[in-house]
Amino acid sequence: MTKTSTITKTFDVMGHAVQIASDPNLTDPFSRWLRRDWQPEDHSRVAAQLLGEGDLMLDLGANYGTFSVPITVVKGSRCIAFEALRRNIPVLHAAIEANGISDKYEWVLAAITGAAGEVRIAGESAYGTVGASGQRVLSYGLDDLLGEFDLSGLKLIKMDIEGCEMEALQGANRFFETFPDVSFIFEANAAHSHRQKHLPQDLLKFFEDRGYILYLCKYGRLTRRTSSDFQESGVSDYVASKVPLENTVTGFSFEDFDKEHIIKETRFSVTEMKHGYRLSAIDQMHLAPDWISNDAVIGPISSPSSAGKLHAG
């Protein structure tokens, strides 16, 4: 295991003392957040309500375990976590040991892609990219997990795998035949989608075609979304469920966001975020209602001439 410094800090999570681990030598925004004022994100609060004691969750793209470790502590559920960045593994292992959950929590140094093999991944902390450079690491497709791991009691999959989501889902025919009703929590990163030459909505369409209901999970809300809806935020978390969450999840509003909020989010995506997020917003502008595409700030950026300049840049 790569030698990495680790520290832990105690946070209250649903009445439980949970140790969150981090690397004190890293100063990126995610690492600073963990050491300063980390708190469970909305999708973690949803997951905690979807899992019971002994249920199994797969954490695909586990990072330091900040999503799945607290849930395992609070709910007594089980987890198999896959993380592809070698430097993150000692921090994840420290979190498991500090919380005393090694009997419920298994980690695997591997990427999740479309099929078994090997990939290269570069980056550190929460920022990894699968591509032509970086360290070599083992990869699994979802179908490959069926013969390699005990997946009994599987109820939930969290998937944040740096743009490999569509590839992983498309290669999972046997997996969905085996687990047709498993719930998913997944990230739709617009810049990653653009780089992989698909829209964030293509991820939603994949689940829609299999009978799932999709919810945007953000700012204390669970609002239904479809593959025909414009994604106003550059990075969005979604919950895919076979049953209506309105009947099972509490503590969230199920109302959609108002126009003012959606305009604000879209403006931020196209003016403040990195190049790929603007390109993705332009790619999906045909899905936007007129009050978005004709906005005084958004409209000029999403015009054909602007799109050409951005793509050429």
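Predicted model: local features only at pLDDT ≥ 70, side-chain atom pairs only at ≥ 80, totals over all residues.
A residue counts as buried when its relative accessible area is under 20%, as exposed when that value is over 50%, and as partly exposed in between. By this rule Lys242, at 26% relative accessibility, counts as partly exposed.

The side chain of Lys242 meets that of Asp181 in a salt bridge, with 3.4 Å from N to O. This pair links distant parts of the chain, since Asp181 sits in the loop between α7 (173-178) and β11 while Lys242 sits in the loop between β14 and α10 (259-271), 61 residues apart. Asp181, with a relative accessible area of 53%, is exposed.

A search of the whole structure finds 14 salt bridges, and another of them joins Glu124 to Arg87, whose closest N and O atoms are 3.6 Å apart. Because Glu124 belongs to strand β7 (residues 117-124) and Arg87 to the loop between β4 (78-83) and α4 (89-98), the pair ties together parts that are 37 residues apart in sequence. Glu124 is partly exposed at 36% relative accessible area, and Arg87 is likewise partly exposed at 31%. Together with Asp23, these two residues are linked in a network of salt bridges.

The pair formed by Arg225 and Glu232 has its side chains meeting at 3.1 Å, N to O. Here Arg225 has a relative accessibility of 6% and therefore counts as buried, and Glu232, with a relative accessible area of 4%, is buried as well.

The largest nonpolar core has 49 residues, of which Phe82, Phe175, Phe184, Phe186 and Phe207 touch the most other members. Helix α9 (residues 200-208) supplies the largest share of this core, 4 residues. A second, separate core of 40 residues includes Leu26, Trp38, Val239 and Leu245. Leaving aside neighbours within four places in sequence, the contacts of Phe184 include Leu156, Phe176, Phe207, Tyr238 and Val239.

Helix α2 (residues 42-50) also has buried residues, namely Asp42, His43, Ser44, Val46, Ala47 and Ala48. They pack against helix α3 (68-75) and against the strands β10 (154-159), β11 (183-189), β12 (213-218), β13 (221-224) and β14 (235-241).

A last stop is Ser22, which is placed in strand β2 (residues 16-22). With a relative accessible area of 2%, Ser22 is buried, and, not counting residues up to four places away in sequence, Ser22 touches Ser5, Thr6, Ile7, Leu34, Arg35, Tyr64 and Val91.

Key: Residues numbered from 1 in each chain as written. Heavy atoms only, no water. Helix = DSSP H or I, 4+ residues; strand = E, 2+ residues; numbered from the N terminus. Buried < 20%, exposed > 50% of the residue type's maximum accessible area, 1.4 Å probe, protein only. Contact = heavy atoms within 4.5 Å. Core = buried A, V, L, I, M, F, W, Y, C linked by side-chain atoms within 4.5 Å. Salt bridge = Lys/Arg side-chain N within 4 Å of Asp/Glu carboxyl O.
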